[in-house]
Amino acid sequence: MRRISARSGLNSAAGHLMMVLLSIFCLFPVYWMLVSSFRPANTMFETSLWPTQPSLDNFTRAIDAIPIARMLLNTLVFSAISTVFQLLTGILAAFAFARWKFRFDTLVYTAIALTWLVPFQVVMIPNYLLIAHMGLLDSILALILPNVAAALAIMLLAQAMRGFPREVIEAARMDGASNWRILWEVLVPNLRGTIASLAILIFISTWNEYFWPLLLSRTAENSVIQIGIQMFMTAEGNQWGPLMAASTLASLPVLIIYVVLQRQVVQSFMKSGIR
């Protein structure tokens, strides 16, 4: 028994050591970005783990070069509204697929699932032409419209709702609850972890969107932060200091949202593992 216990403890220690090493490997680029944002231009290529002369000059240059506050606000509005709409449409559609049987429901669900396999670049030009005909070029609304619904949200939420205990739903129905109340008072509160995880995935994916804003944007004031970061990379050379400073500022909102929703995400993964 002692040998088994010692072996189990050794395996656990090795597993924790491996996770620590992987965490360092994943976080080091983020740390290097943060450190580089405080390096003066003449020490940008130093290999020290902390700048010898920390400075805020890179942040000042980044703010002076582009309207970074406006771009961050545009990106936040774009990402937040897209996330809310994708969650809303995903919840409603998933509830319909998970709880109701209607004609051609399997065919419709399969068609939605297949759209997830189509790269956005395939439909980018038709979407652009539609937005241009609507006169919405160079606007936040043009960025949001193609992102109000997503097949991934529908599929993930439909699977979660199908795995929800049917007895609980039948009990609520026997108590006189309507489908609307069952959805918002029974299903959604019990799927908070799944919804929070999905919200983070959607928000990060939208926050990092580059090609669609690049296609629509005409002015820096109506663009997003990813386009602003790209402005520091020119044919004459890359401005690494302001680039790292702008990248650090662009990473902060995503980090804050993850910290706020971290508990729900962990609970979602734990429940998925138990199930």
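Is Arg 181 buried, partly exposed or exposed? I started there, keeping in mind that this is a predicted model. Arg 181 comes out at 43% relative accessibility, so I noted it as partly exposed.

**Salt bridges**

I searched the whole structure and got two salt bridges. One of them joins Arg 181 to Glu 185, with 3.3 Å between the closest N and O atoms. Both residues sit in helix H9, and because they are four residues apart, about one helical turn separates them. I looked up Glu 185 as well: partly exposed, at 49% relative accessibility.

Next I went to Arg 39, whose side chain meets that of Glu 46 in a salt bridge, 3.7 Å from N to O.

I checked Ile 195 for contacts beyond four places in sequence and got Leu 87, Ile 91, Leu 157 and Val 188.

Thr 83 is in helix H3. I get 7% relative accessibility for Thr 83, so it counts as buried. Leaving out neighbours within four places in sequence, Thr 83 is in contact with Ala 199, Ile 202 and Phe 203.

Where is Ser 223? I found it in the loop between helix H11 (211-216) and helix H12 (225-230). Ser 223 has a relative accessible area of 1%, so I wrote it down as buried. Its side chain makes a polar contact of 3.4 Å with the side chain of Ser 217. Not counting residues up to four places away, Ser 223 touches Met 71, Asn 74 and Ser 217.

**Surface patch**

Last, I looked at a nonpolar patch on the surface, formed by Leu 252, Leu 255, Ile 256, Tyr 258, Val 259 and Val 260. Together these residues have about 560 Å² of accessible area. I picked out Ile 256, which lies in helix H13 (residues 240-274). Its relative accessibility is 53%, over the 50% cut-off, so I marked Ile 256 as exposed.

Conventions
Residues are numbered from 1 along each chain as its sequence is written. This is a predicted model: local features need pLDDT of at least 70, side-chain atom pairs count only at pLDDT 80 or more; totals for chains, interfaces and linings use all residues. Side-chain values use heavy atoms; hydrogens and water are left out. Helices (H or I, at least four residues) and strands (E, at least two) are DSSP runs, numbered from the N terminus. Buried means under 20% relative accessible area, exposed over 50%, partly exposed in between (1.4 Å probe, protein chains only). A polar contact is a pair of N or O atoms within 3.5 Å; within protein, one must be able to donate a hydrogen and the other to accept it, and residues adjacent in sequence count only if both atoms are side-chain atoms. Contact means heavy atoms within 4.5 Å. Patches are made of residues with over 30% relative accessible area and no salt bridge: like charges are joined within 9 Å, nonpolar side chains (Val, Leu, Ile, Met, Phe, Trp, Tyr) within 5 Å. Accessible areas come from the Shrake-Rupley method with a 1.4 Å probe; for residues, only the protein chains shown count as cover. A salt bridge is a side-chain nitrogen of Lys or Arg within 4 Å of a carboxyl oxygen of Asp or Glu.
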